[in-house]
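Reader: I'm new to reading protein models and would like to go through one piece by piece. Could you take my questions one at a time?

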Amino acid sequence: MKLYSSVLSPYARKVRAAIYALGLENRVEIINVNISASPAVVLDANPLCKIPTLVGDDATVMYDSRVIVEYLGMVAGSDMLVPASGMARCIVLRTQALGDGIADAAILYRGLVTAGLAPDAGLAARQMAAVEHGLATLERMAGDSTLGAGGPPDAGALSVGCALGFLDARFAELGWTGQYRALAEWYDRLAHVECMRRSVS
C-alpha cells in the first residue's frame with residue numbers, strides 16, 4: 001500500500017500513527033508530497049487532491065483520515081483503534097471528530113489570517129473560539145479520565161494528540177499547555193507512546 005502524506009498535516013500524522021499502532025509499517029510505503037503543488041499522483045487517486053490518501057494493494061483508494069483509519073483496522077483485522085460496534089464505537093468516533101474539528105478550525109484560522117483577514121474578523125474569530133472551546137472540553141475529559149486513562153490509544157486519542165501536536169508546531173503563541181494542565185499531562189503521556197513518537201516524521 002502507498003500512503004500519500006505530509007509531515008505537518010495532523011490528519012496524515014494520525015494515519016501514520018495508526019499504521020504503527022496496527023503493526024502495518026512493513027505493508028505501507030509512506031510518501032510525503034507537496035500537496036500545494038497538486039501532484040498528479042495524488043490527483044489521479046483522489047479527486048479532491050487532499051492528503052492523506054491511501055492506495056491499497058489492490059489499487060482500492062481511500063481518502064479522509066477517518067475512513068483510512070477504519071480501512072487500516074479492517075486490513076489488520078483489529079478493532080483496537082475503532083471499536084466494532086456499540087457505545088464504545090460512538091465515543092471513539094466522537095472524540096476523533098473533536099480532535100479533527102480542532103485541527104480544521106486551526107487550519108482555517110491560519111489560512112484566513114495569512115490571507116490578510118484580521119484575527120478579530122467574524123469568521124477568523126469563530127475558528128479560534130472553536131479551538132479554545134475544544135481545548136476546554138478536552139481539559140474536562142482529561143480531568144475525569146473520559147479521554148482515556150491508559151492502555152493503547154484509540155483513533156480518538158490519536159486524533160486529539162495529532163491536533164495538539166499541530167497546535168504546538170503552528171500556534172505556539174497559544175500556550176495551551178499552561179492553561180489546560182490536565183490535558184497537557186495527558187498529551188505528554190501520549191507523546192511518549194511508540195506509535196506517536198514514530199509518526200512525527
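Reader: Which loop holds P52?
Author: Helices and strands here are DSSP runs numbered from the N terminus, with helices (H or I) of at least four residues and strands (E) of at least two. This is a predicted model, where local features need pLDDT of at least 70, side-chain atom pairs count only at pLDDT 80 or more, and totals for chains, interfaces and linings use all residues. Residues are numbered from 1 along each chain as its sequence is written, and side-chain values use heavy atoms, leaving out hydrogens and water. As for P52, look in the loop between α2 (40–45) and β3 (53–55).

Reader: Is the peptide bond from I51 to P52 cis or trans?
Author: Check omega for that bond: the value is near 0°. That makes the bond from I51 to P52 cis.

Reader: What is phi of A59, and is A59 buried or exposed?
Author: You'll find A59 in the loop between β3 and β4 (61–63). Its phi is positive, near 75°, in a residue other than glycine. For cover, buried means under 20% relative accessible area, exposed over 50%, and partly exposed in between (1.4 Å probe, protein chains only). With a relative accessible area of 53%, A59 is therefore exposed.

Reader: What is phi of D64?
Author: D64 sits in the loop between β4 and α3, and its relative accessible area of 34% makes it partly exposed. D64 is not a glycine, yet its phi is positive: about 85°.

Reader: How many salt bridges does a search of the whole structure find?
Author: To count, a side-chain nitrogen of Lys or Arg has to be within 4 Å of a carboxyl oxygen of Asp or Glu. One of the pairs is D64 with R66, whose closest N and O atoms are 3.4 Å apart. R66 is partly exposed, at 34% relative accessible area. The search of the whole structure gives 7.

Reader: How many residues apart are D57 and R27, the pair that meets in a salt bridge?
Author: Their side chains meet at 3.2 Å, N to O. This pair links distant parts of the chain, with D57 in the loop between β3 and β4 and R27 in the loop between α1 and β2 (29–32). D57 is exposed at 55% relative accessibility, while R27 is partly exposed at 40%.

Reader: Which helix holds both R198 and E194?
Author: These two form a salt bridge as well, with their closest N and O atoms 3.5 Å apart. R198 is partly exposed at 32% relative accessible area, and E194 is partly exposed at 45%. They are 4 residues apart, about one turn of the helix, and that helix is α9 (residues 194–198).

Reader: Is K14 buried or exposed?
Author: K14 belongs to helix α1. Contact means heavy atoms within 4.5 Å, and beyond its neighbours within four places in sequence, K14 touches residues including S65, R66, D100 and L158. Its relative accessibility is 1%, so K14 counts as buried.

Reader: Are α1 and α3 roughly parallel or roughly antiparallel?
Author: An axis is a line fitted to C-alpha atoms, for helices over the stretch in contact, and angles run from 0 to 180 degrees between N-to-C directions. Under 35 degrees counts as roughly parallel, over 145 as roughly antiparallel, 65 to 115 as roughly perpendicular and the rest as oblique. The axes of α1 (residues 10–21) and α3 (residues 65–76) come within 9 Å and cross at roughly 5°. So α1 and α3 are roughly parallel.

Reader: Which residues form a nonpolar patch on the surface?
Author: Patch members have over 30% relative accessible area and no salt bridge; like charges are joined within 9 Å, nonpolar side chains (Val, Leu, Ile, Met, Phe, Trp, Tyr) within 5 Å. Areas come from the Shrake-Rupley method with a 1.4 Å probe, and for residues only the protein chains shown count as cover. One member, in helix α4 (residues 86–114), is partly exposed at 37%. The patch has about 230 Å² of accessible area together, and its residues are L108, L117 and L123.
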